Amino acid sequence: MSNESTNVNKRRTARILTVACGLLFSVFSIVYLSVFQKDVMEALHFSLAKGKTVYAPWMSAVLITVVLLILRWGINGLVGLKGPVKALSYFPSCLLLGVITDVGHGVYHGEGISAQWGWLLPLLLVIYVGVGWMIARAVRLWVNPDLEEGIITNSNLFILLMLCVMSACIGNSNVHFHHELQVEEALRKQDYARARLVGEKSMDPSRNLTALRAYAMSREGTMGEYLFHYPQLYGAAGLLMGVSDDTALRLNADSLYVYLGASPTLGEPAVHFFRRICQEESGNYTTLDYYLSALLLERKLEEFVKAFHELYTVKDTVPRYYQQALFLYGKMHPSSATEEQDEALEEQWKTYEEFKAGLVGTVGEGNRMRRQFGDTYWWYYQYR
């Protein structure tokens, strides 16, 4: 009677452990696919479906998880893993979960999952079946069947945790890539305010993200208000993607040139390009903000002032960074200043100068100034 009761308890514990592992894997899979890898899965879906269907993150995550659970059940029926190593039966499912999220910039060119998985995935699955079968037999022969329930539970939970970590390590975790996908999706939905906020805390945005963010601000009409709120690491070149750079899913370099109304010649600097299409009026009016911003990014302050007075017509609502640039030029050339100095800007400048005076010659002066005034054009002009 005692042995029978013990066997009943073991079977009940095994069932509870099976359900618990299945539930934990399901939660991880759904959250991983619909939250952490949402943008990657959307890009993969668009690439495979050619944009003909709409991606539903949560529904897709649930369906994929169900398929992976069925796969785990089917393969373990062949391998027969039990006891303290039963969670190893999730290896194929966790491997596939990582593989389908191992999507890189090739997705922009119609490619899907990384090419090496075409031969590596079948090989790993065949090896798993063989090794798993041997482990299952070894456990039956050499592992004490009377192991404590706690040891069996902890062993399986640890194995499942490691397999989930393996999935996350295989999948694409490149922050820049995720940011590019997020801003591209926001642009596709014409949510320009959300697009320019993507990755706003990142201090080293990619050139793609910088160019796409500038495009979002141009569409929103806020380039002069927000451009220097974000790190500008590429100068005027950061306003454009490379001529042969197709690393944006639905907005590439050519798409941007269509928006601007012209395209640069081979090797033409961004400032020259924007100046040319503004002077020849071959581009759209929106190019003016690009031109003025390019001049600020290249610190061509005198040329900016000249272009502003010649080309900028809406003088009653001057954007924030244009005001700061004009103000700075006035401070640098008092005799040629024509604008009335704004009292608010005067007060901000006074604070800026006083803080700067207290840091001159100290270690980390630029970084300390950035923390206080990094979202001003003054800091960019003097420290970048």
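Figure 1. Cys164 counts as buried because its relative accessibility is 10%, where buried means under 20% relative accessible area, exposed over 50% and partly exposed in between (1.4 Å probe, protein chains only). This is a predicted model, in which local features need pLDDT of at least 70 and side-chain atom pairs count only at pLDDT 80 or more, while totals for chains, interfaces and linings use all residues. Residues are numbered from 1 along each chain as its sequence is written, and side-chain values use heavy atoms, with hydrogens and water left out. Searching the whole structure turns up zero disulfides, a disulfide being a pair of cysteine sulfur atoms within 2.5 Å. For Cys164, the nearest cysteine sulfur belongs to Cys94 and sits 4.7 Å away. Cys278 is buried too, at 14% relative accessibility.

**Figure 2. Helix 11 and its buried side.** Helix 11 spans residues 253-260; helices here are DSSP runs (H or I, at least four residues) and strands likewise (E, at least two), numbered from the N terminus. Which residues of helix 11 are buried? They are Ala253, Leu256, Tyr257, Tyr259 and Leu260. Because they cover an arc of only 155° around the axis, they lie on the same side of helix 11; the arc is that of the directions from the helix axis to the C-beta atoms. An α-helix has 3.6 residues a turn, so residues three or four places apart point the same way. The buried residues of helix 11 pack against helix 9 (207-220), helix 12 (270-279) and helix 13 (287-297), with contact meaning heavy atoms within 4.5 Å. After helix 11 comes Gly261, with a positive phi near 95°.

Figure 3. Glu365 lies in helix 17 (residues 365-373). Although buried, Glu365 has no salt bridge, and the nearest side chain of opposite charge, Lys356, is 5.8 Å away. For charge, Lys and Arg count as positive and Asp and Glu as negative, while His and the chain ends are not counted. A salt bridge is a side-chain nitrogen of Lys or Arg within 4 Å of a carboxyl oxygen of Asp or Glu. Leaving aside residues up to four places away in sequence, Glu365 touches Lys356, Leu359, Val360 and Tyr383.

**Figure 4. Salt bridges involving helix 15.** By the salt-bridge rule, the count comes to nine. Arg320 pairs with Asp375, their closest N and O atoms being 3.3 Å apart. Arg320 is in helix 15 (residues 320-332) and Asp375 in the loop between helix 17 and helix 18 (377-383), so this pair ties together parts 55 residues apart in sequence. Lys331 and Glu346 also meet in a salt bridge, at 3.3 Å from N to O. Since Lys331 belongs to helix 15 and Glu346 to helix 16 (residues 343-357), the pair links parts 15 residues apart in sequence. Lys331 is partly exposed at 35%, as is Glu346 at 27% relative accessibility.

Figure 5. A nonpolar core is a set of buried Ala, Val, Leu, Ile, Met, Phe, Trp, Tyr and Cys residues joined through side-chain atoms within 4.5 Å. The largest one has 66 residues, and those with the most contacts inside it are Leu187, Phe274, Tyr290, Phe304 and Tyr377. Helix 13 gives the most to this core, with eight residues. Beyond residues up to four places away in sequence, the contacts of Tyr377 include Phe228, Leu296, Tyr321 and Leu328.
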